[in-house]
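Me: I have a structure open and would like to go through it piece by piece. Can you help me read it?

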Amino acid sequence: MRNSITVVVVDGHTLTRYGLVSLVGADADITIVGECGRADEAPALIASSRPDVVVLDVALPDADGLQLARELRDRHSELGIVVLTAQAEDDVLFRALETGVSAFVGKTAPTAEVLCAIRHAAVAASSFTATGLGAALARRTVVMPLAPAVPAVESDITLSPRELEVLSLLSTGLSVPAMATTMFVSLSTAKTYVSRLYEKLGATNRANAIMTAMRLGLIELELGVPA
C-alpha cells in the first residue's frame, strides 16, 4: 500500500483554508497533517508535523507568502512547496520561480491541477512547475527585448561545458543547494557558478538568464505541469 502524501495548509482566509483542507484531504493519496492562517505559526507547525508538502497562499495576513516560502526552503531542502495565488501577474510567478518553490498554482485552477501540483512537489521538491510559465516567458521576452540582436551579439557569448550544465539545471527549476548536490560541489561553488553565468548573460536573476538563453538559442524549454 502506498504511503499517503502529508500536507500542511497555510492560508489566512478561513473559508479558503477550510475549503482547501476539505478538498485536498478528500483525495485518497493525501493526508492533511496541519493547517494555520499566519506565517508566524507555520515554521513551528511544519517542524512538528514534518509534512511532505506545504500549500501556502502568496498573500498572508502577517507576511509575504513568498518570503515565508524562501525561509522554509532554506530550512527544509526536501520540503515540497506549492504556492497558491489569486494574483495572476507575471512578476509574482517569476518571484515564485526565484524563491525555489516547487509549484505555482492559481486559486481558480481546476482541482486536478492543485492535486497534480501537490504530487509533483512531493516527489520533486526542488523542481519548479507552473501552468502558464511558457506564456509568461514569451510575454516578458516581448516586453523586455534584447538590444538589437545581431549574429555578432550571439557569437560573443560562449559558454563552457560547466556553464551549460549550470544553465540546464537553472532551466529545470532546481534550487542552488540542489544544483550543488547534483554537480557534487559545495554550495559556495555552485553560487559562484550561477553568479558567473548571470554575469556572462547580462542577467540579474534566474528568469532573466533563462529568457536570454532562450533568445540566444542556448536552451529550449519544455514547460508545463507534469501528468
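Me: Let's start with V33. What does V33 touch, leaving out residues up to four places away in sequence?
Reply: V33 touches T6, V7, V8, S49 and P51. Bear in mind that this is a predicted model.

Me: How far apart are the C-alpha atoms of V33 and V7?
Reply: They are separated by 5.8 Å, although V33 and V7 are 26 residues apart along the chain.

Me: Which strand is V33 in?
Reply: V33 is in strand β2, which covers residues 30-36.

Me: And is V33 buried, exposed or partly exposed?
Reply: V33 is partly exposed, because its relative accessible area is 34%, and buried would mean under 20%.

Me: OK, the core. How many residues does the largest nonpolar core have?
Reply: It has 54 residues, and V10, V54, I81 and F128 have the most contacts inside it.

Me: Take V54. What is V54 in contact with, beyond four places in sequence?
Reply: V54 is in contact with V8, V10, I46, L72, L79, G80, I81 and V82.
Reply: Another core lies apart from the largest one; it has 18 residues, among them V9, I30, V105 and I118.

Me: Why would nonpolar side chains end up together?
Reply: In soluble globular proteins, nonpolar side chains tend to be buried together.

Me: Changing topic: helices. At what angle do α9 and α10 cross?
Reply: The axes of α9 (residues 176-183) and α10 (residues 187-201) cross at roughly 105° and come within 8 Å. That makes α9 roughly perpendicular to α10.

Me: Which residues meet there?
Reply: From α9, V176, P177, M179, A180 and M183 meet L187, A190, K191, Y193 and V194 in α10. By class, the contact has nine nonpolar residues, no polar ones and one charged.

Me: Which residues of α9 are buried?
Reply: A178, M179, A180 and M183 are buried in α9. What covers the buried residues of α9 includes α8 (161-171) and α10.

Me: What follows α9?
Reply: F184 does, and the phi of F184 is positive, near 60°.

Me: Where is the pLDDT below 50?
Reply: One such stretch is residues 144-155, which has eight contacts in the model beyond near neighbours in sequence. For residues 222-227 the pLDDT also stays under 50, and the model has 11 contacts beyond four places in sequence for them.

Definitions and conventions: Residues numbered from 1 in each chain as written. Predicted model: local features only at pLDDT ≥ 70, side-chain atom pairs only at ≥ 80, totals over all residues. Heavy atoms only, no water. Core = buried A, V, L, I, M, F, W, Y, C linked by side-chain atoms within 4.5 Å. Buried < 20%, exposed > 50% of the residue type's maximum accessible area, 1.4 Å probe, protein only. Contact = heavy atoms within 4.5 Å. Axes fitted to C-alpha atoms, helices over the stretch in contact; angles between N-to-C directions. Helix = DSSP H or I, 4+ residues; strand = E, 2+ residues; numbered from the N terminus. Parallel < 35°, antiparallel > 145°, perpendicular 65-115°, else oblique. Nonpolar A, V, L, I, M, F, W, Y, C, P; charged D, E, K, R; others polar. pLDDT = per-residue confidence, 0-100.
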